[in-house]
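Please read the following with the sequence and the 3D view open side by side.

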Amino acid sequence: MIQMPGNDFDVEELICNESFQEYCLGASLEHQILWKEWMAKYPDRKEYIAEAERIVSILNVKQGSRIEQLKALRSGLTQQEAFRSAISLKSDISFKSEISSKEEALERSLKVVRPRWYFYLGSSAAAILIAMTFLYFYKPAFFEVKKEQALVRFSSGKALRKTIILKDGSVVTLAKESSIRLGEGFNSSNREIWLSGAAFFDVKHDATHPFVVHTTFNDIKVLGTTFNVKAYADSALMETALIQGRVQVASKKYPGYFVVLKPNQKLSMLNSPAKTAISKPDAEYRISELKQNPAAPVPEEIAWVRKRLDIDNLPLSVIAQRLQEWYGITITISGEEVKNYRYSGVFENETILKTLEALQLSYPFHFEVEGDRIYIKK
Amino acid sequence: MGLGEDDHNYWEQMRLGDKQALFELYNRQYFQLIRSGLKINADDELVKDCVNQIFLNIWDKRERLHPVENVRAYLMASLRHCMLDQLSYLNKTNAALSKMLAEEEWNELSYEQVLINIQQDDDLKEKLKIAIRQLTPRQMELIQLKFFEGLSYEQISERTAQTVKTAYNTIYDAIRILRKLLK
């Protein structure tokens, strides 16, 4: 357990605090969450905290924040990929005039020799500028989320699964008889939702804007991660299983009590009816490791939402039908040409967005997302 | 499973196209790379750019990469090359310097040198020089282990054969002196 200083902390004590040093280095999400919250509690001592941060940064000789640097790396990779797909889009247009199915193979081999990413080998600042220019002209519509999202509540009803893609790019799959309500004005900087039932979350990473899931008993706060929550109001057991990243589960019943989960851990909470004098959070909350069964690579907690998808030279229209049935999301394709694009591949345990992105790589198309609908076009 | 073996596995996963494995490698190696980069040249922006650059390059050519015995050594070597390229690009006239650095036996900067060189502000550089002289060699050593190498108090106490409490107090006293002098 990490000991946080009280209001009477002195600057030296803060500098010597190991967890604070970790926070300054951006070494883990856990420390990031803890200290940001702690700082919010002492606005009048802002200058002292800034002084402590400055001295730590001098002494660690500006090693920087790993979280921030990782963010920069991720956006570098995104630009690299956008640039690549801009190039492949161009070459596709020139190849596509008359392609018979036999020539598809030839086209694929041609794609292999298309211009490579030379610029990144030089100065990185220049490369990013070039990538940005291309982005501006050939911006692929990966995530053109519609601006208006009239519905703020989604329910699965009797359906086995229902998938919703939120404005910030996070993907939620609801289990049977579950629902989510979006916080007012939900967007990429205001990420709060209320869950009743069970759902699987694949949250878009954003260290500066935490994603909060409220349930009857707990508030679950995440930065970017995949996890599963079971919180049916009438069930005695509430579960949070974490697959990737970090989440913090804060108890509503015991204000101030929280648990930080690591990947492949599960938090179970027995929902005892009332708060009695002897009830203690430690007795109700239990952390366990997810069972790793070599025969089944997917932990049982998320097996309901993950699946192997084998595609062998199928047209997009058939693939879309399968995706629609499995994920419980409506997919509309406009344009006969796109419907007949053929793909082969095996997808194991991917979210719908990742599956579509992977398909895009071998034969580009555009897709737009609007809540529980996906529109595919050329 | 040893740490090197984990790196090896992540490397193989990354070669197969697993981006998460690339991020795992990044998280595991970030501070080691930054620290050794800073000892070559105390320019934190250059070092950080190069660290991200080598990961971008690795991802870009992942399909053409080979299995690597020692991932850390490979990354360190890549970082050194990247920094040398950048340095010679930034300062073409100073070819002698990069030639010297390219040979294996360049002189690593000491922590004290990095501490001063990394700062742009001359006033702060002076203050740091004075501060370093005020601290005992023992205090300096522990400050380096704590803030540069990132060791825990427990690890420091093992390494320097003293109690955790003594290690903490030594650093605390040093910080008190530094804070006054760096105001």
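The model is predicted, and local features are discussed where pLDDT is at least 70. Begin where the two chains meet. On one side, chain A brings 42 residues into contact, and on the other, chain B brings 46. Together the chains bury about 4,100 Å² between them, with carbon and sulfur atoms giving 59% of that area. Within the part that chain A buries against chain B, Leu59(A), Lys62(A) and Gln63(A) supply 18%, more than any other three residues.

Four helices of chain A each give two or more residues to the side that touches chain B: α1 (11-16), α2 (18-24), α4 (46-59) and α5 (66-95). The largest share comes from α5(A), with eleven residues. Sorted by type, the residues on this side of chain A are 18 nonpolar, twelve polar and twelve charged.

The number of salt bridges between chain A and chain B is three. One salt bridge joins Glu18(A) to Lys146(B), where the closest N and O atoms are 2.9 Å apart. Elsewhere, a network of salt bridges links Glu12(A) and Glu51(A) with Arg179(B).

Over all chains, the structure holds 20 salt bridges. Within chain A, Lys162(A) and Asp372(A) form a salt bridge through their side chains, with an N to O distance of 2.9 Å. Lys162(A) belongs to strand β2 (residues 161-165) and Asp372(A) to the loop between β17 (366-370) and β18 (373-377), so this pair ties together parts of chain A that are 210 residues apart in sequence. Are the two partners buried or exposed? Both Lys162(A) and Asp372(A) are buried.

Glu12(B) has a relative accessibility of 23% and counts as partly exposed. Arg15(B), with a relative accessible area of 23%, is partly exposed as well.

The second example is in helix α10 (residues 164-182) of chain B, where Asp173(B) and Arg176(B) are three residues apart, again about one turn of the helix. Their salt bridge has its closest N and O atoms 3.8 Å apart, which is within the 4 Å cut-off for a salt bridge. Arg176(B) is partly exposed, with a relative accessible area of 39%, and Asp173(B) is partly exposed at 34% relative accessibility.

Pro315(A) is found in strand β14 (residues 308-315). Its relative accessibility is 12%, so Pro315(A) counts as buried, the limit being under 20%. Which residues does Pro315(A) touch, leaving aside those up to four places away in sequence? They are Lys339(A), Asn340(A), Tyr341(A) and Arg342(A). For one of them, Tyr341(A), the C-alpha atom is separated from that of Pro315(A) by 5.3 Å, although the two residues are 26 residues apart along the chain.

Definitions and conventions: Residues numbered from 1 in each chain as written. Chains lettered and ligands numbered in written order. Predicted model: local features only at pLDDT ≥ 70, side-chain atom pairs only at ≥ 80, totals over all residues. Heavy atoms only, no water. Contact = heavy atoms within 4.5 Å. Buried area = accessible area lost by both parts, 1.4 Å probe. Nonpolar A, V, L, I, M, F, W, Y, C, P; charged D, E, K, R; others polar. Buried < 20%, exposed > 50% of the residue type's maximum accessible area, 1.4 Å probe, protein only.
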